[in-house]
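Here are my notes on this model, as numbered points. Please read them with the structure open.

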Amino acid sequence: MEQKRSILVIEDDKISRTILANKLKEEYIVYQAEDGEEGLTMLRKHPTVSVILLDILMPVMDGYEFLHIIKQNDAYSLIPVIVITGNFSEEEEMKCLELGANDFLSKPYNPAEALVRIHNIIRLEEASNALQEMEKDELTGLFTKQAFLRYATEMVEQNPDTDFAILGFNIENFKATNSQYGERMCDEFLAYIGAKVRRVIKTGISGRFSGDQFVVLFDNDEKNTIDRIEQISRVVFQHAPIPHQVAKIGVYAPIDRNIEMARCCDRAFLAIREVKGVYHKNVAFYEEKMREQMINEQRIQDSMEKALAEEQFMVYYQPKHESISGEIAGAEALIRWNHPEFGFMQPNKFVPLFERNGFITELDSFVLKRVCEDIQRWQEKGIPVVPISVNVSRRDYLEEGWIDRQIEMIDNYGINHSLIHMEVTESLYAENTGVIIEQIHKLQKNDFLIEMDDFGAGYSSLGMLATFQLDVIKLDISFVRSIEINKVVIENIIKLAHKMGFKTVAEGAETEAQFHILRNLGCDFIQGYYFSKPLSCDKYEKYVTEKMNLLEQVGDALNRMEISVPTTELEKSRENMRINSLLSIIESLEEANFIDSLTGFQNRKAFYNSIQSIENSPQLNSMPIGIAFVDINGLKSVNDNFGHEAGDRLIVHIAGILRSIFLTADIFRVGGDEFIILSRESTEREFYEKIRRVNSRWTEEESAAVGFIWLMEARNLEQHMVAVDKQMYKEKRKYYEQKFNDRRRGQRRGKINESMDDSLPSLFDDIANALPCGFFVYQAEGDERLVLYNDELVRLFGCSGPEDFQAYVNGSFRGMVHPEDLAMVEGNISEQINEENDVDYVEYRIITKDGTVKKVRDHGRFIHSEDYGNVFVVMVNEIK
């Protein structure tokens, strides 16, 4: 049965009030009051009345005052009011309407008329309420986009003398939050934000435009400063169900009344782009230059497909040079746009836009195809070919089938996979979505090398070195620009990268001083204007051909020299000219001497020449060959603890072992602690026996990691050497893991300290002492006990020392994680670790000893330890 609606009758004439009430009781519940003050009391008791019938002329509190009070109160302001009139003047009726009256009922009462008026006003009010409910966002209770635009437009039109502001905001990285916390938790969070916005912004209109995109219209005044807006944002987000969320806010103020409301909102959201992804800057005000930028971007977007079809995009190549020999070791493919309207455009003018709109996948496919076409043509024309690095966007990895299509295309051109390096940015790894990691693993399984570009631009880089499988890291250009300040940082990054088996590239080297510093610090490859600017394809072909021919010029000059003693002054002059000519050629090459002075072996330069000779000779590359990579264990520790003379003695000792087993002519010293053996005089059995004999000579104090392979034909040497290099570093990791386990026996779990034997540091020691972040190892099973941790982790938790930290977290990883996040963290790790993937990425909260709640980002790798079984090695950073 339908519940009766209620009516409040406020009338000082008891007889008139009683007659009217008795008539209305047939259809409604009727409450009565004899003046405005009693009416307010009755309204507080029954706030859900459907209609108020109000007399104006009453004692104590008249109808005018009553109307004024209830229309100022949000709880009662929407209740319709029918004013009971006697002989009202037009001015009195106008005053009632201005105070919020909805209709009038004349005395003496006509009961039938009264019922009709009450019925109509209730029906209209309920229809209006129902319409408003349809215009409200179901989750947040705010207006939908269309409703907001309509009501905001009406408010502006109805208040011609008021300046208004539009505030748009969205949640930073909300997609990642949704993945971490799940849809239900995020819906609770959005509902909370909607309710908080309604309470905080009382005088404006609020709406939800999309998932995490909100908008508010409110009065604009001088108080709308960045500080005040950020304070409002903090109030809105305080105590939210998901902590540590940040709103990026754009403000358009004052709005232009001559443009439609939707465009006003667009300008507010356009301003957000100025602070999106910018740390510690959350509010931006719209400026006209932003609109101009948007217009330019739209013109670029309108012409991008035509530009691709008409080949307005061009691929340039910037060479990478080997730091010791100066030889060209590779190049990076860079995109340029010769726009018919804007002229020659650098990639920073259009690539970020293409990243946002998705066109980057088409452009990256174009670049990769052009690189394959160029490599194929170079091979056909006999132009020297070196590996080319190609930038691959995050969107490429996320687009289903993109990687597979590119691999198929490369194979169709017959390009060896070792000639294509895939460059990714560290931000790609920071997001660490399962799809991206899976695609990167697929590339590596297909023998593509992975280079991390812009390394060091983000705060989590060093932790990612230990977490993700890479081949090359490319130092961010900012390091090189301030190289004198960053020298120590660069040196430690290079050492750590080498220790973990990564090659290093420095980009942006422009001066001779920068080049020499980078070379002395051990950087493997240099890219920058010091050697060459980015070159168009034809200029690059000329450049690489000329540089590769320099060595031949040296040989030709040597052959032309006559071995005779000049006697006359003319002969001496001619001889000096020939010598100076030769020297000028030799000086253009770094390390023209082919012999390593310490060991007597051939050096890296000679090794490259030998490889080139084998590959260029049909006779040599059809013969079998054994390849071995040898890397001395613990050389850095010996140098650090006993001096470089002791380190040199270790190098000479290892070199003596190799010389006693292999031919000296087959051994090359290619780095400080690295040797390569190219054995062409042995049979397969003899080669493997020699490797066995080498390994049998190692002692605990003097040893090396060895990777090796036997080939029936000396073809595709670079591809095979990549595999041997990885095998050698795998053996090196085993060595350090064994040292780590040996040194943990008999020692207390916890902090790395001076009581450990420093003569042979483990890989874990190097990482823990080099990283400016928390580092720890914990057992993967049982109660997840901590095995090891560093000082930075102790400081992160606000503990006074290792014992204090051990007691605070109960010696367990579980004790480190916020109790409310623990189930989520363990579930996420369990989902990520499988046979194909041994790395995980999670974010969670911790509680420091003083009670502060912090949010951290955790990069972990799952490994097996002899002493502790399955463990996780983890780098952790605070998210600020």
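1. Start just after H15. There Gly414 takes a positive phi of about 70°. Keep in mind throughout that this is a predicted model.

2. Now go back into the helix. H15 spans residues 402-412, and its buried residues are Trp402, Ile403, Gln406, Ile407, Met409 and Ile410. Viewed down the axis of H15, these buried residues fall within an arc of 160°, so they line one face of the helix. The face turned away from that buried side carries Glu408 and Asn412, both exposed.

3. Asp447 has a phi of about 70°. Asp447 sits in the loop between helix H17 (434-445) and E16. With a relative accessible area of 38%, Asp447 is partly exposed. For Asn716, phi is about 50°. Asn716 belongs to the loop between strand E24 (704-711) and helix H30 (717-744). Its relative accessible area is 46%, so Asn716 is partly exposed.

4. Check the peptide bond between Ala253 and Pro254. This bond is cis, with omega about -15°. Pro254 is in the loop between strand E9 (247-252) and helix H10 (261-272).

5. Next, the salt bridges. The structure holds 28. One of them pairs the side chains of Arg370 and Glu311, at 3.4 Å from N to O. Arg370 is in helix H13 (residues 360-381) and Glu311 in the loop between helix H11 (288-309) and strand E11 (313-322), so the pair ties together parts that are 59 residues apart in sequence. Which of the two partners is buried? Arg370 counts as buried, at 19% relative accessibility. Glu311 is partly exposed, with a relative accessible area of 48%.

6. Lys320 and Glu451 form another salt bridge, at 3.0 Å from N to O. Lys320 lies in strand E11 and Glu451 in strand E16 (residues 449-455), so this pair ties together parts that are 131 residues apart in sequence. Both Lys320 and Glu451 are buried.

7. Asp804 bridges to Lys849, with the closest N and O atoms 2.5 Å apart. Asp804 is in helix H33 (residues 802-808), while Lys849 is in the loop between strand E28 (839-847) and strand E29 (853-865), so parts 45 residues apart in sequence are tied together. Asp804 counts as buried, at 17% relative accessibility. Lys849 is partly exposed, with a relative accessible area of 43%. Shared partners also build one network of salt bridges, joining Lys320, Glu332, Glu423, Glu451 and Lys474.

8. Which residues form a negative surface patch? They are Asp12, Asp13, Glu34 and Glu38. Glu34 is placed in the loop between strand E2 (29-33) and helix H2 (36-45). At a relative accessible area of 42%, Glu34 is partly exposed.

9. Last, look at Asp137. Asp137 lies in the loop between helix H5 (111-134) and helix H6 (145-158). Asp137 counts as buried, at 17% relative accessibility. How far apart are Asp137 and Ser210 in space, C-alpha to C-alpha? The distance is 9.8 Å, and the two are 73 residues apart in sequence.

Notes:
Residues are numbered from 1 along each chain as its sequence is written. This is a predicted model: local features need pLDDT of at least 70, side-chain atom pairs count only at pLDDT 80 or more; totals for chains, interfaces and linings use all residues. Side-chain values use heavy atoms; hydrogens and water are left out. Patches are made of residues with over 30% relative accessible area and no salt bridge: like charges are joined within 9 Å, nonpolar side chains (Val, Leu, Ile, Met, Phe, Trp, Tyr) within 5 Å. Accessible areas come from the Shrake-Rupley method with a 1.4 Å probe; for residues, only the protein chains shown count as cover. A salt bridge is a side-chain nitrogen of Lys or Arg within 4 Å of a carboxyl oxygen of Asp or Glu. Lys and Arg count as positive and Asp and Glu as negative; His and the chain ends are not counted. The place of a charge is taken as NZ of Lys, CZ of Arg, CG of Asp or CD of Glu. Helices (H or I, at least four residues) and strands (E, at least two) are DSSP runs, numbered from the N terminus. Buried means under 20% relative accessible area, exposed over 50%, partly exposed in between (1.4 Å probe, protein chains only). The arc is that of the directions from the helix axis to the C-beta atoms.
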